[in-house]
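Keep the sequence and the 3D view side by side.

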Amino acid sequence: MSSTGQVHVVENSTCTFCGCVCDDIELHAEGDRITKAKNACSLGKAWFLNHTAEKLYPEALVDGKSATLDVAIQTGGGLFVRGEHAAGLRLEQHHVRSAA
């Protein structure tokens, strides 16, 4: 058990390990470890129980620095509104059209 002894339960989690994409998994976590994966198959249980939930990377980067998701969305929205990356956007739109 974790040092706090608290179990955090997340219901209706989705397992993306295989192509079945089961979405009725109940995960139990103690600290940063998943300790139980109820309703998961043997592959899903192995995947969930052998991965930790620690944060290894920041939610987002703005100008190469760690930022919250809210700040990143506001920054990206501002760039879009000002048209600062319009050329890149047109390139992406052209790429999507030509790929279709």
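In what order do the three strands of the open sheet lie, and is their pairing parallel or antiparallel? The order is β1-β2-β3, and the pairing is antiparallel. The edge strands are β1 (8-13) and β3 (33-38), each of which pairs on one side only. On average, neighbouring strands of this sheet are turned by 25° against each other, direction ignored. Two strands count as paired if DSSP finds at least two bridges between them. In general, strands of a sheet pair through backbone hydrogen bonds, in either the parallel or the antiparallel sense.

Before going further, note the basis. This is a predicted model, in which local features need pLDDT of at least 70 and side-chain atom pairs count only at pLDDT 80 or more, while totals for chains, interfaces and linings use all residues. Residues are numbered from 1 along each chain as its sequence is written, and side-chain values use heavy atoms, with hydrogens and water left out.

The protein has three helices and five strands. Along the sequence they follow the pattern β-β-β-α-β-β-α-α. Both kinds of element are DSSP runs numbered from the N terminus: helices are H or I with at least four residues, strands are E with at least two.

Return to the sheet. β1 pairs with β2 (residues 25-30) in the antiparallel sense, over four bridges. Within β2, L27 stands opposite V10. Helix α1 (residues 42-49) lies across β2 and β3. Its direction is at about 165° to β3. Such angles run from 0 to 180 degrees between N-to-C directions, with axes as lines fitted to C-alpha atoms, for helices over the stretch in contact. Contact means heavy atoms within 4.5 Å.

Of the contacts with a separation of 6 or more, 13% join residues 24 or more positions apart. The accessible surface comes to about 7,800 Å² (Shrake-Rupley method, 1.4 Å probe). Carbon and sulfur atoms hold 56% of that surface. Of the 100 residues, 19% are buried. Buried means under 20% relative accessible area, exposed over 50%, and partly exposed in between (1.4 Å probe, protein chains only).

Finally, the cysteines. C15 is buried, at 8% relative accessible area. For C22, the closest cysteine sulfur is in C20, at 5.3 Å, again too far for a bond. C22 is partly exposed, at 34%.

Definitions and conventions. A disulfide is a pair of cysteine sulfur atoms within 2.5 Å.
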